[in-house]
Amino acid sequence: MTFFSVAPLLLFAADENLNVFDTVSPPAHSIRKIFILVLFISAAIFIFVEGAIVYCIFHFRERSRPTTVEPAQLYGSKPVEVAWTVAPLLVVFILFLVVARIIAEVKISKPPDNALHVVVVGHQWWWEYRYVDPEYNFITANELHVPVDRPIWFELKSADVVHSFWFPRLNGKMDVVPGRTNLTWFLVDKEKPGIYLGQCTEYCGTQHANMILRMEAEAPEVFQEWASNQRRPAVDAPFVREGRQVFLENACMNCHTVRGTPAKGTFGPDLTHLISRETLGSALIAFQQKDAQGNWKPIVNKDGVSVLARWIDDPQKIKPGCWMPDMKLDTRQRDLIVKYLETLK
Ligand SMILES: [Cu+2]
């Protein structure tokens, strides 16, 4: 089983639109506007300069005058000198004013009123999300959920190296630097709920390209429902006690938290509500899909082994180099753990 055999599963339900011109949030709208303005000004300058060059090449070419006569030589023309000093100064001045205004809009140092606070922690190669407002107060991973039409205020931290947080349709890039907290924000336009993707944009090691950002922007009621489920400790279903035991007896619990159990590791993603997610490995691979009735069903390969089971079997085959080792479980242990994890709704 190589990585390539899982590749078709990458086509999960997310809208893969990463178009910086198709913005859905105020900071991104501002950045798009300035991008277009600069593009037009540069295009105008380009056309003017290139036009002048092309005009001169043809108009003053040798054929149009007797070759023996030297063309008129101009030394120091005041109007020309003034023009080419003042015009660029004006352009730079206008751009300076516009940029200053947009920086003030995009880079604010205090959370907007009524903002939802999320602490984002970049890890090699996944994202941790802490919903720190007292009414939420829970941690999840890899699939960010936000309500539309409400400002989201992010505090960005890193657990290891420099990462960068970028949802192209929502805001500009912001570095995620160890030992410091960077701030950023966005607000998903009211009529634009949906799944948005982004990308870590600062090279951070082997799986940098698969450190994908994934966000579901939803109506406030849907978000509330999701959040109140996330707040709850993990389901403790009696019929998977054996699997729970195997999970707790293996090193899983040193790296993963399942709230309500002794598993309190923080090196890997929180698994308390794993089954409320659609993807594994930081949106690398879908492991569940909705059936006709809208219920989540595990994605199972032709050989009858589910994607989740293959991840537990050996994550290195799906995400080579990632920091979760092959746990060398036998098939029985693996299946018991998978059964247990599948109850963590
Ligand atoms: Cu990264």
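Student: How many salt bridges are there in this model?
Tutor: The count comes to twelve salt bridges. A salt bridge here is a side-chain nitrogen of Lys or Arg within 4 Å of a carboxyl oxygen of Asp or Glu. The model is predicted: local features need pLDDT of at least 70, side-chain atom pairs count only at pLDDT 80 or more, and totals for chains, interfaces and linings use all residues. Residues are numbered from 1 along each chain as its sequence is written, and side-chain values use heavy atoms, leaving out hydrogens and water.

Student: OK, what does Arg214 pair with?
Tutor: Glu143, with the closest N and O atoms 3.5 Å apart. Arg214 sits in strand β10 (residues 212-218) and Glu143 in strand β4 (residues 143-147), 71 residues apart. Strands are DSSP runs of E, at least two residues, and helices are runs of H or I, at least four, both numbered from the N terminus.

Student: Is that pair buried or exposed?
Tutor: Both Arg214 and Glu143 are buried. Buried means under 20% relative accessible area, exposed over 50%, partly exposed in between (1.4 Å probe, protein chains only).

Student: Which residues are networked with them?
Tutor: Glu278 is linked with Glu143 and Arg214 in a network of salt bridges.

Student: What about Arg101 and Glu105?
Tutor: Their side chains meet in a salt bridge at 3.6 Å, N to O. Both lie in helix α2 (residues 78-106), four residues apart, about one turn of the helix. Arg101 is exposed at 55% relative accessibility. Glu105 is partly exposed at 34%.

Student: New topic. How many helices and strands?
Tutor: Eight helices and 14 strands.
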